[in-house]
Amino acid sequence: MFLPHPRQLIRALPPLPGHAHSHADRAAAPTSLGRQLTGVLKAYAPSPAPWLAALDRRVPVPLKQLLLEAPLNRVFTDAISGGEFDEFEGRRIRLECHGGQPGVTLGFWCGRLRVVDGPGEATIRGTLAAFRTLAERQQDPDQLFFQRRLVIEGDTELGLGLKNLLDSLEWQLLPTRPPALTN
């Protein structure tokens with residue numbers, strides 16, 4: 001079977017609106033190809049949720065605590081020391097993908113966010129993409145709930161309280177990309 005050379009594949013791709021139009025320009029602009037590839041993967045690649053669910057069931061709670069508690073407490077250290085989380089003392093809230101797995105139940109005890117085993121009093125459920133959008137603060141959390149991309153079940157007052165707290169705080173869960181180096 002004959003496989004075309006990668007340059008032939010690049011030449012065969014239609015140009016993106018507002019991007020390079022000549023074959024030489026397209027070959028020299030890998031970011032355009034990278035964006036196209038990312039778009040194709042987002043549209044046609046299977047969801048990682050089943051794989052993450054299988055992994056989630058096999059990871060013991062102490063390991064989840066080790067991986068999640070310190071970073072979460074670091075991100076929210078100012079809010080915790082300022083008493084912003086005090087109203088959540090002894091409460092549990094579960095964050096989970098549609099279908100229940102993967103998910104994590106968080107609690108607040110003795111001035112620290114904790115990963116706990118079991119269900120939450122409230123559950124915020126959505127897709128991985130919706131949680132990523134929330135974590136990256138790309139969209140207003142209210143819009144995610146009004147669009148039903150995120151749903152609160154159980155003690156909705158607790159879930160809305162946490163949503164409002166996270167919306168009012170200045171925090172960043174995911175690091176920003178470093179600025180591009182110029183020569």
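Strand β2 (residues 103-109) runs antiparallel to β3, and five bridges join the two. Strands here are DSSP runs of E with at least two residues, helices are runs of H or I with at least four, and both are numbered from the N terminus. Two strands count as paired if DSSP finds at least two bridges between them. This is a predicted model, in which local features need pLDDT of at least 70 and side-chain atom pairs count only at pLDDT 80 or more, while totals for chains, interfaces and linings use all residues. Residues are numbered from 1 along each chain as its sequence is written, and side-chain values use heavy atoms, with hydrogens and water left out.

**Overall content and confidence**

- The protein contains nine helices and five strands, which follow one another along the sequence as α-α-α-α-α-α-β-β-β-β-α-α-β-α.
- The average pLDDT, the predictor's confidence in each residue from 0 to 100, is 78, and 73% of the residues score at least 70.
- Among the elements, β3 has the highest mean pLDDT (93), whereas helix α2 (residues 23-28) has the lowest (49).

**The sheet**

- The five strands form an open sheet of mixed pairing, in the order β3-β2-β1-β4-β5.
- Because β3 (112-116) and β5 (150-154) stand at the edges with a single partner strand each, one side of each is left without a neighbour in the sheet.
- From one strand to the next, the twist averages 25 degrees.
- Strand β1 (residues 92-97) runs parallel to β4, with five bridges between them; here C97 stands opposite G126 in β4.
- The pairing of β4 with β5 is antiparallel and also has five bridges, with G126 opposite L150 in β5.

**Strand β4 and burial**

- Of the 183 residues of the protein, 31% are buried, where buried means under 20% relative accessible area, exposed over 50%, and partly exposed in between (1.4 Å probe, protein chains only).
- In β4, five of its five residues are buried.
- In a regular strand, side chains alternate between the two faces of the sheet.
- In β4 both faces are covered, with A122, I124 and G126 buried on one side and T123 and R125 buried on the other.
- I124 has contacts (heavy atoms within 4.5 Å) beyond its neighbours within four places in sequence, including I93, L95, F131, F145, L150 and G159.

**The nonpolar core**

- A nonpolar core is a set of buried Ala, Val, Leu, Ile, Met, Phe, Trp, Tyr and Cys residues joined through side-chain atoms within 4.5 Å.
- The largest such core has 25 residues, of which F76, F85, F88, L113, I124 and L150 touch the most other members.
- Elements that each supply at least two residues of this core include β2, β3, β4 (122-126), α7 (128-135) and α9 (156-168).

**Helices beside the sheet**

- The buried residues of α7 are A130, F131, T133, L134 and A135, and their cover includes β1, β4, α8 and β5.
- After α7 comes R137, whose phi is positive, near 55 degrees.

**Cysteines**

- A disulfide is a pair of cysteine sulfur atoms within 2.5 Å, and by this rule the count is zero.
- C97 is buried, with a relative accessible area of 5%, whereas C110 is exposed at 68%.

Conventions: Axes are lines fitted to C-alpha atoms, for helices over the stretch in contact, and angles run from 0 to 180 degrees between N-to-C directions.
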